Amino acid sequence: MKFEDKEDDAEVFLKLLSEHERDIRVYVIAMVGKVSDAEEILQDSRLAMWKNFKQFELGSNFKAWGAKGCVSSYSRVSNESFSRGQKG
């Protein structure tokens, strides 16, 4: 995906995220089973999706791309939580 400037990226990203965020949120809640955990994963995922948005191919399935990012965030958050629990 190529845009002329960062503002175009942000506009497209926010449009796609707003269109699909509810479905992605439902997916994450179903994956983790707890709303508070899902919110942490979603927060991490939104940031990761924005950082990696240049890798998204415009016209492909944003919801699937975002959900895949949530699985990665879930793994990362779970591993960090496990590591903190082991140290304490």
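1. Glutamate 21 and arginine 46 join their side chains in a salt bridge, with 2.5 Å from N to O. Here a salt bridge is a side-chain nitrogen of Lys or Arg within 4 Å of a carboxyl oxygen of Asp or Glu. The pair connects distant parts of the chain, as glutamate 21 sits in helix H1 and arginine 46 in helix H2 (residues 35-51), 25 residues apart.

2. A word on the basis for all this: the model is predicted, so to speak of local features takes a pLDDT of at least 70, side-chain atom pairs count only at pLDDT 80 or more, and totals for chains, interfaces and linings use all residues. Residues are numbered from 1 along each chain as its sequence is written, and side-chain values use heavy atoms, with hydrogens and water left out.

3. How exposed are the two partners in that bridge? Glutamate 21 is partly exposed at 26% relative accessibility, and arginine 46 is partly exposed with a relative accessible area of 26%. For these terms, buried is under 20% relative accessible area, exposed is over 50%, and partly exposed lies in between (1.4 Å probe, protein chains only).

4. Next, please look at arginine 25 and glutamate 39, whose side chains form a salt bridge at 2.5 Å, N to O. Arginine 25 belongs to helix H1 and glutamate 39 to helix H2, so this pair ties together parts that are 14 residues apart in sequence. Arginine 25 is partly exposed at 32%, and glutamate 39 is partly exposed at 27%.

5. A further salt bridge runs from lysine 15 to glutamate 19, where the closest N and O atoms are 2.7 Å apart. Both residues lie in helix H1 (residues 6-32), 4 residues apart, or about one turn of the helix. Glutamate 19 is partly exposed, with 44% relative accessibility. Across the whole structure, the search finds 5 salt bridges.

6. Helices (H or I, at least four residues) and strands (E, at least two) are DSSP runs, numbered from the N terminus.

7. Lastly, some totals for the chain. Of its 88 residues, 26% count as buried. Among contacts (heavy atoms within 4.5 Å) with a separation of 6 or more, 69% involve residues 24 or more positions apart. The chain exposes about 6,100 Å², and carbon and sulfur atoms supply 51% of that area, using the Shrake-Rupley method with a 1.4 Å probe.
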